[in-house]
Amino acid sequence: MTYTFEFRPYRRPFRQAIETHHGTWKHREGIILKITDDEGRAGFGEVAPLPWFGTETQAQAIAFCSQVPRRFSRDNAFTILSNLPACKFGFETACQNMGRDIHCAELHTRQYSALLPAGKAALSAWTPLWAMGHRTFKWKIGMAPVAVELAWLSQLMAQLPLGAKLRLDANGGLDELSAHHWLDQCDRLAHRIEFIEQPLPPNQFHHLLKLAQRYKTPIALDESVTTLDQLKAHYFRGWPGIFIIKAAIIGSPSRLKQFCLDHPIDLVISSVFETDIGRQALIDLTVELETLLPNAPHRVLGLGTQQWLPNDGLDDPDWEALWQRLNPL
Ligand SMILES: [Mg+2]
């Protein structure tokens with residue numbers, strides 16, 4: 001069997017720039033891959049790099065795709081080095097999707113957390129998302145002085161109906177003192193704060209561990225565990241909290257799945273603003289892990305990101321139509 005390989009880059013402006021501790025993010029760039037076999041069956045995959053999380057850049061991913069042979073057979077299949085994790089994910093997904101003609105059912109909206117805008121804007125942004133069915137919200141913190149953000153948090157929690165859960169994400173942007181302020185406040189809100197994500201930078205593992213041991217509010221690692229090797233290292237160093245898994249940038253989905261099956265961890269599968277192709281891969285992975293690990297904690301997916309992206313056809317579940325909207329390089 002021989003295969004034909006094609007790729008098409010995309011660039012999508014966010015409806016509203018995304019503010020995080022890493023800076024302002026205005027465009028989502030990535031690449032759609034298409035692999036077709038001799039019988040005309042196509043498989044689509046997506047490369048969605050996130051360089052400030054340590055992945056390849058869009059330019060490096062394009063350079064890699066440009067030197068993949070247009071035609072290849074299983075025997076002379078190419079290797080993808082681990083410094084190209086987003087490419088690894090995209091190619092493996094494309095091969096898995098080969099000939100796939102029906103998509104998995106969508107999960108219910110309540111099974112996705114919705115990303116609120118940073119800062120005070122969150123106070124008015126949650127209502128339409130609640131009306132859509134979201135019950136878990138995520139809010140980026142660590143950009144304004146801690147006292148100011150804690151006052152917004154109090155207002156937000158006073159507004160949110162009971163049954164709503166909030167995830168806080170500091171992107172590693174707090175210092176130790178402000179992390180204590182945040183966690184004190186989160187503990188006082190009892191279980192309404194589901195967890196706080198990466199309060200301190202990845203190089204402060206021991207301080208993160210101390211926080212996790214001291215407070216009731218769970219702490220999730222995100223920036224600390226962007227590669228599978230980092231995930232394994234933190235697991236074996238005894239991290240007691242949650243792991244955020246940005247599957248589209250962690251590398252091989254099959255290796256990730258195997259690790260999760262061998263070492264059931266408390267995890268959240270999370271988006272890096274993929275098109276429908278990457279998004280479906282994340283949903284498939286979640287459904288598969290939940291089926292194979294029925295006793296593991298099931299947390300809602302960090303996928304409520306579509307309201308941040310334009311209606312440009314790249315969320316179309318008809319992947320051939322999605323592909324046709326893009327131009328070759
Ligand atoms: Mg995060």
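**Salt bridges across the chain**

Lys34 and Glu320 form a salt bridge through their side chains, with N and O 3.0 Å apart. Lys34 belongs to strand β2 (residues 23-37) and Glu320 to helix α11 (residues 319-324), so this pair ties together parts that are 286 residues apart in sequence. Lys34 is buried, at a relative accessible area of 10%. Glu320 is partly exposed, at 31%. The model is predicted. In the whole structure, 14 salt bridges are found.

A second pair joins two strands. Lys140 meets Asp169 in a salt bridge, and their closest N and O atoms are 3.0 Å apart. Lys140 sits in strand β6 (residues 136-140) and Asp169 in strand β7 (residues 165-169), so parts 29 residues apart in sequence are tied together. Both Lys140 and Asp169 are buried.

Asp266 and Arg299 form a salt bridge, with 2.7 Å between the closest N and O atoms. Asp266 lies in the loop between α9 (253-262) and β11 (267-269). Arg299 lies in the loop between α10 (276-292) and β12 (301-304). The two residues are 33 apart, and the pair links distant parts of the chain. Asp266 has 19% relative accessibility and counts as buried, because the limit for buried is under 20%. Arg299, at 21%, counts as partly exposed.

Some salt bridges share partners. In this way Lys138, Lys140, Asp169 and Glu197 are joined into one network.

UniProt, in an unreviewed entry, places the domain "Mandelate racemase/muconate lactonizing enzyme C-terminal" at residues 119-218. This span is 48% helix and 15% strand. The C-alpha atoms at the ends of residues 119-218 are 22 Å apart.

Key:
Residues numbered from 1 in each chain as written. Predicted model: local features only at pLDDT ≥ 70, side-chain atom pairs only at ≥ 80, totals over all residues. Heavy atoms only, no water. UniProt positions renumbered as here; feature names shortened; annotations may be inferred. Helix = DSSP H or I, 4+ residues; strand = E, 2+ residues; numbered from the N terminus. Salt bridge = Lys/Arg side-chain N within 4 Å of Asp/Glu carboxyl O. Buried < 20%, exposed > 50% of the residue type's maximum accessible area, 1.4 Å probe, protein only.
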